[in-house]
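Q: Can we go through this one together? I'd like to start with a term before the details.

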Amino acid sequence: MSYLIAPLTVAGLAGIMAALIAVVDKLANNYGEVNISINGGKKEMTVKGGSSLLLTLSSEGLYLPSACGGRGSCGACKCKVTTDVGPHLPTETPYLSPQEMKDNIRLGCQIKVKADIGIEIPEELFNIKQFRATVTSIRDVTHDIKEVLFDLGEETVEFEAGKYVQLVVPPYDKIKGTTQRAYSMSSQPADKNHIELLIRLVPGGIATTYVHQHLKEGEKIDLIGPFGDFKRRMNDSVMICVAGGSGMAPFKSIFYDMLDKGETGREVWYFFGARSTEDMFYLEELKDLETKLPNFHFVPALSEPQEGDGWEGPTGMITDVLDSYIKEKIAVRGRTLEGYLCGSPGMINACNTVMNANGIGPEDIYYDKFA
Amino acid sequence: MKMTPELKTAQENMAPGVITAEGFLGSDTRNLSTILDEDAQILRLLSLDPADAAARLRYFMEEGRRGLGEPVTVDEQWLVKTDEARGHLACPWEDGICRKINVTIERKDTGEKLFYTDLSVHLLEKHGFLEGRGSFFRLNPETVKHVLKLEKQSPKA
């Protein structure tokens with residue numbers, strides 16, 4: 001029996017250590033109940049301390065924008081903290097400007113709620129909701145873009161055309177936790193019971209792979225929103241809109257919203273870039289919209305039309321097409337111009353350059369600013 | 001190569017859920033030092049210089065960016081699509097962050113494809129790391145050589 005003494009002693013010591021660690025962890029990381037004061041006391045909540053601000057707020061039904069679901073990779077969950085929560089963390093600083101650091105803007109996913117805390121957030125975030133939606137239809141609009149329609153059941157969504165929602169992707173395959181990604185809504189605000197998204201497959205992308213290869217009609221899935229600052233400004237300026245790929249989504253929502261609301265007089269130019277006809281979609285719908293909105297001009301352009309495409313429209317990079325149209329057809333009328341962009345940071349930078357060179361100031365160019 | 005504290009930290013950061021949901025090692029259970037040693041040997045056998053390959057990958061990434069999200073033909077031989085997603089990813093070695101840029105290169109003559117990210121180029125260039133076996137983002141040296149047409153590189157001493 002003596003040969004059992006050593007292993008039993010080790011096992012016993014390990015057990016004691018594990019119990020000690022559990023007790024210490026419970027004592028050291030037990031922050032008890034803490035108070036979160038929002039916008040100078042406009043809203044107060046008492047919560048259990050210890051989790052990130054982002055998670056703590058969402059568990060109370062208050063949702064900060066987040067394109068990465070709290071992994072610290074998108075920088076979207078910024079909010080001003082009015083109490084001392086310690087210095088900025090190395091995981092926050094890459095996403096913050098010097099002015100934001102000075103103003104004590106923090107990333108909600110990186111700071112923990114350990115004591116009473118005061119924060120300031122935009123008022124519209126009080127209206128963000130989480131929807132348990134049912135996938136009604138999934139349709140291929142190109143070889144790599146799916147149009148997904150969600151039914152909100154008894155719930156209704158109120159939003160301005162141009163806003164986005166976060167799709168909560170459940171664990172699948174090797175992906176253990178949930179993942180959130182932001183997508184602009186392509187449905188129009190008048191349809192309060194549905195949300196439509198356009199989702200382009202990104203090779204290796206967690207959320208887009210799920211949507212393209214796993215999501216099924218009839219499935220229940222969570223959506224959080226609406227978020228974002230992107231929307232049309234209500235004035236008489238000429239709207240110059242530029243998009244490519246799934247950047248179509250907010251513009252589809254905006255144009256059909258204008259139709260729903262009878263805004264038929266406003267001059268709108270919509271430039272949509274694709275490589276070849278296999279990447280082009282909604283051509284018929286948007287040409288049809290030109291007949292319903294008399295001052296709406298749809299300019300689809302192909303950068304590399306293929307043999308057999310039979311393309312007779314403009315060709316070249318969308319920025320070159322945009323430049324020539326502004327110079328030759330739009331600016332010559334002497335009207336005030338506004339730019340609206342939806343796409344990658346590179347596309348937004350390139351279009352900004354063209355618009356600035358054609359006299360449209362940065363203050364008149366709108367797009368969702370992401371890190 | 002020894003498993004230094006720096007490599008140990010990097011390997012911990014490569015686990016699923018730390019920086020990316022799937023991590024950097026795929027089904028590879030080897031020590032990071034072994035992975036680096038063995039991949040360095042494969043690169044030598046293929047006469048592939050990591051700095052040259054990284055420079056070429058970066059060239060295609062930048063050329064692809066001209067497409068503003070749509071595929072573009074580069075040097076008449078490749079179809080390149082560079083996608084920029086919002087956000088950044090930290091390097092597991094904790095020496096910087098990269099934008100979330102995905103690149104797909106397709107050889108127009110054979111249809112062979114290579115997929116990589118801005119972070120993949122950094123990992124190859126600065127750390128000689130190609131990612132573990134079975135990782136979706138692993139830069140397979142033979143695929144890199146074939147797709148980028150680097151066959152004519154001379155062996156490095």
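This is a predicted model: local features need pLDDT of at least 70, side-chain atom pairs count only at pLDDT 80 or more; totals for chains, interfaces and linings use all residues.

Q: Which elements make a right-handed β-α-β unit here?
A: E12(A), H5(A) and E13(A) make that unit. E12 covers residues 238–244 of chain A, H5 covers residues 248–260, and E13 covers residues 268–274.

Q: How do E12(A) and E13 pair?
A: They pair in the parallel sense, over six bridges. One position to look at is A:Cys241, which stands opposite A:Tyr270 in E13(A).

Q: And what joins E12(A) to E15?
A: Six bridges, and these two strands of chain A also run parallel. E15 is residues 337–342. Here A:Ile240 stands opposite A:Gly339.

Q: Is E12 of chain A mostly covered or mostly open?
A: Mostly covered: seven of its seven residues are buried. A:Val238, A:Ile240, A:Val242 and A:Gly244 point one way from the strand. A:Met239, A:Cys241 and A:Ala243 point the other way. Both sets are buried.

Q: What is A:Cys241 in contact with, beyond its sequence neighbours?
A: Setting aside residues within four places in sequence, A:Cys241 is in contact with A:Phe251, A:Val268, A:Trp269, A:Tyr270, A:Phe271 and A:Tyr340.

Q: Which residues touch the most other members of the largest nonpolar core?
A: That core has 95 residues. The ones touching the most other members are A:Val165, A:Ile240, A:Cys241, A:Val242, A:Tyr270, A:Phe271 and A:Cys351. Helix H5 of chain A gives the most to this core, with seven residues.

Q: What about a second core?
A: There is a separate one of 28 residues. Its members include B:Val80, B:Ile105, B:Tyr116 and B:Leu148.

Q: Zoom out. How many helices and strands are in chain A?
A: Eight helices and 16 strands. The C-alpha trace of chain A spans about 90 × 50 × 40 Å along its principal axes. Of its 371 residues, 39% are buried.

Q: What share of the chain A contacts is between residues 24 or more positions apart?
A: 70%, counting contacts with a separation of 6 or more.

Q: Now the open sheet. What is the strand order?
A: E2-E1-E5-E3-E4, five strands of chain A with mixed pairing.

Q: Why is one side of E2 and of E4 left without a neighbour in the sheet?
A: E2 (43–48) and E4 (105–107) of chain A stand at the edges, each with a single partner strand, so one side of each has no neighbour in the sheet. On average, neighbouring strands of this sheet are turned by 40° against each other, direction ignored.

Q: How many bridges join E1 to E5 in chain A?
A: Three, and the two strands run parallel. E1 is residues 33–38 and E5 is residues 117–120. A:Ser37 has A:Gly118 in E5(A) as its bridge partner.

Q: Last topic, the interface. How many residues of chain A are in contact with chain B?
A: 33 residues of chain A, in contact with 25 residues of chain B. On the chain A side, the elements giving two or more residues are E13 and helix H8 (345–357). H8(A) provides the largest share, four residues.

Q: What is the make-up of that chain A side, nonpolar, polar and charged?
A: 16 nonpolar, twelve polar and five charged.

Note on methods
Residues are numbered from 1 along each chain as its sequence is written. Chains are lettered from A and ligands numbered from 1 in the order in which they are written. A nonpolar core is a set of buried Ala, Val, Leu, Ile, Met, Phe, Trp, Tyr and Cys residues joined through C-beta atoms within 7 Å. A residue is buried if 20 or more other C-beta atoms lie within 10 Å of its own, exposed if 12 or fewer, and partly exposed in between; C-beta atoms are placed from the backbone. Two residues are in contact if their C-beta atoms, placed from the backbone, lie within 7 Å. Two strands pair if DSSP finds at least two bridges between them. A crossover is right-handed if, with the strands pointing away from the viewer, the path from the first strand over the helix to the second runs clockwise. Ala, Val, Leu, Ile, Met, Phe, Trp, Tyr, Cys and Pro count as nonpolar, Asp, Glu, Lys and Arg as charged, and the others, Gly among them, as polar. Axes are lines fitted to C-alpha atoms, for helices over the stretch in contact, and angles run from 0 to 180 degrees between N-to-C directions.
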